[in-house]
Amino acid sequence: MSVQATRRLVLQWTLRNATCPVLNLRTILGSDNVRQRGFMTCRLLCSTHNQTSTLHQHTDLSQLQLQPGRELSIRALLDMGFTDTQADQLLEAANKGRGGQSEHASSTLMALFVLGLNPSSVLKVLEKCPELFYVKGTQLQQRMDNLRRLGLLEGSLQRVVSHYPQILTLPLRRVNTVARFLREKCAFTVQQATDIIRDSPAVVQDDLGQLEYKFQYTYFRMGVKQAEMVKSKLFRVTLEEVRCRHSFLERRGLYQTPDKKGQTLIVNPKLKDILAVAEETYLADIAMATREEFKVFQKMMAREWQEEDEEQDRDMGADSDDDDEEEDEDEEDMKSGYRQRRKK
Amino acid sequence: MAALMDTRILLRKIKDLRCLTPRRNRVKAKWAGSQPKYPATNLALQNFDATYSLQLGEQWPSVRVSMLCEPKYGALVNNFSTTEGVIADLQSQGCRDFVCQPVGVGALERLQAPGFPLHDNPSTLESVGVSQDVAPPRLRTNIKCFVFPGGDISRFKPSSLFHQPDLYGMLGYYLMDAASILPALALDVQEGHSVLDVCAAPGGKTLALLQTQAIRFLCVNDISVSRTYRLQRVLNSYVPKELLTEERMRITSFDGRKWGEIERDTFDRVLVDVPCTTDRHSVMEDENNIFKRARTKERQRLPQLQTELLLAGIEAVRPGGQVLYSTCSLSQLQNEYVVERAMHLAREEHGISLQVVDLRPITRLFKETFHFAPDPHLGQLVLPHLTANFGPIYMCKLQRLS
């Protein structure tokens with residue numbers, strides 16, 4: 001049955017029973033498998049103003065525990081299908097924020113149920129991200145629709161929301177900027193951009209500059225094309241991790257930047273073998289090095305990058321031109337000894 | 001605008017092969033309009049990839065990554081400085097003197113396993129008890145060099161900043177590659193010896209030799225006059241004037257190859273630290289790199305030059321004396337080949353017979369601090385490794401028999 005038809009049906013039922021003093025959804029709707037429709041009712045009653053305005057006239061409906069602005073209560077939660085413990089946990093999460101419970105709490109719950117999540121998933125989502133309580137139900141709907149427009153269809157959308165609920169706390173503009181950035185600046189196809197958002201939803205919260213640097217590093221310095229980037233879930237890994245693992249291989253001579261024609265003297269390991277594996281596997285199979293070496297290398301890289309940034313800031317500020325004419329490594333002077341290294 | 005500029009710099013940084021630092025003065029870019037298309041460091045790396053991957057096998061990637069990272073330094077303590085607390089300060093930073101404490105705290109247990117050979121060369125090694133629960137053997141010498149523990153990448157402060165020079169202008173310590181101390185240790189200078197250092201500049205190993213405080217007469221030479229000046233300045237900052245007098249020291253700028261004619265059979269000990277391709281330096285610095293095309297002939301003539309220098313050193317040492325040959329390259333052509341050829345020529349053309357002195361005691365003693373190549377057939381080789389980023393240093397000791 002389509003959503004619209006269901007809504008109409010439920011509305012009819014509700015109005016028909018409007019004379020009953022106490023409205024208990026369970027008694028109206030009977031069996032458990034119409035829970036879904038029950039929630040539709042709630043949503044219907046709560047979400048849009050013009051729909052609820054007529055219904056508010058019925059005083060009986062005011063006894064309906066799930067009205068907007070109404071505090072969540074254990075009873076209401078149990079009606080929605082939560083178990084006792086789940087309801088307790090949910091109320092705890094809802095009341096945790098400053099100022100007690102958010103006024104949007106119930107609409108948030110509606111929106112999540114509409115998405116098709118079962119109560120335990122809803123609980124998990126809200127525990128993971130209590131900020132969702134403060135987002136209006138309408139906004140949630142808008143954001144979900146936006147994600148659908150970006151290509152996250154049912155199934156994917158649920159998965160993304162359950163794994164990364166923070167995506168729904170971000171304004172539309174942010175998500176769309178990131179998606180547009182991926183398509184325009186990084187030349188991913190629409191499908192690839194969707195895949196990226198689906199596999200690594202945290203990408204929407206990344207700083208765009210960092211995102212661009214990561215992309216350019218992988219594209220130019222590692223010579224990896226977009227398709228491989230998506231396959232290896234590049235955007236799940238931090239920039240430092242990418243640079244570390246790549247530089248380690250490069251300095252060991254196991255990875256070469258392809259030349260103009262895209263050729264190398266050796267066969268480079270695939271990006272997914274480098275990034276998408278655990279560190280032990282990477283060290284054992286690809287880099288063929290020990291943990292101690294890699295740990296020391298990471299420390300050295302962190303220091304090198306920090307000094308690179310400092311020097312860049314200094315260069316941007318003033319034109320410095322220090323003449324280090326020292327050649328020998330035996331030289332005592334720290335400036336020449338320690339700074340005579342190649343910045344990678 | 002700022003974002004655009006960032007991108008350009010980023011792209012420029014990234015697009016360069018090996019991300020050469022766009023430091024303009026690295027390539028005398030006062031004059032150069034653009035970066036070289038094929039920098040000498042790349043040529044060096046290609047050369048090394050071809051030769052050392054065969055020579056070192058599976059160890060080459062580890063050595064390669066270490067040479068491309070920042071080297072680790074050691075602080076050679078200046079025994080002539082009257083500044084107090086230098087050693088205590090170094091120790092408080094977490095360093096240890098690897099010469100008299102060859103093992104760190106954790107490694108002590110490993111060395112106390114049975115079967116660890118403690119007595120090989122009784123004249124130099126003083127084993128403090130042979131039993132298992134006593135400290136491992138030490139080298140009896142005045143040389144002290146502090147290093148940070150393995151895996152620790154802290155840096156030393158330059159000694160002029162660390163401590164003020166004392167009343168006489170002497171500095172507290174000298175920063176150098178800790179592996180370069182090994183040739184000075186291996187040379188085993190005894191009390192009252194006369195020592196020749198054929199290619200001394202810029203003076204790290206010379207300074208280490210002087211720290212033994214056992215040399216009667218030191219002859220220091222380098223073919224380049226400008227480098228000799230630098231050597232002189234280093235000595236002035238570290239060694240008191242009493243040791244720089246005519247009777248104690250002589251600094252010259254002759255061609256080292258001629259030493260066989262100048263002073264035959266004179267010295268007790270000779271250190272021949274020859275010019276080489278300075279591997280670590282060649283992969284990091286583009287400036288005047290020996291692998292640049294203009295210096296190809298010079299580089300190809302290096303083994304010949306090295307052999308001649310070693311031969312001169314052999315002629316200069318007295319019968320019964322010892323010569324130590326060292327380079328900072330991994331190349332067999334510059335190491336084993338040169339020693340073998342020089343020994344051969346000495347026997348054929350000059351009737352000098354030589355014996356190779358086993359340096360394995362030194363290797364065993366310092367194996368917790370340095371990463372040695374597993375048993376090269378001639379001499380010893382310190383390999384750079386990320387946990388002990390010293391070297392590369394090759395050394396081979398010869399004893400003159402006739």
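This report describes a lysine of chain A and the cysteines of a predicted model.

## Basis of the model

Local features need pLDDT of at least 70 and side-chain atom pairs pLDDT 80 or more, whereas totals for chains, interfaces and linings use all residues; side-chain values use heavy atoms, without hydrogens and water. Residues are numbered from 1 along each chain as its sequence is written, with chains lettered from A and ligands numbered from 1 in the order in which they are written.

## A:Lys214

Helix 13 of chain A, residues 208-221, contains A:Lys214 (helices are DSSP runs of H or I, at least four residues, and strands runs of E, at least two, numbered from the N terminus). A:Lys214 is buried (under 20% relative accessible area, 1.4 Å probe, protein chains only).

A:Lys214 has no salt bridge (a side-chain nitrogen of Lys or Arg within 4 Å of a carboxyl oxygen of Asp or Glu). The nearest side chain of opposite charge, A:Asp206, lies 4.5 Å away. Beyond four places in sequence, A:Lys214 is in contact (heavy atoms within 4.5 Å) with A:Leu234, A:Phe235, A:Val237, A:Thr238 and A:Leu239.

## Cysteines

The structure has zero disulfides over all chains (a disulfide being a pair of cysteine sulfur atoms within 2.5 Å). A:Cys129 is buried at 0% relative accessible area.

B:Cys328 occupies the loop between strand 11 (317-327) and helix 14 (336-350) of chain B. Its closest cysteine sulfur, in B:Cys276, is 3.3 Å away, too far for a bond. B:Cys328 is buried at 14% relative accessibility. An unreviewed UniProt entry lists B:Cys328 under "active site"; such annotations may be inferred rather than shown by experiment.

How values were computed
Buried < 20%, exposed > 50% of the residue type's maximum accessible area, 1.4 Å probe, protein only. Lys, Arg positive; Asp, Glu negative; His and termini not counted.
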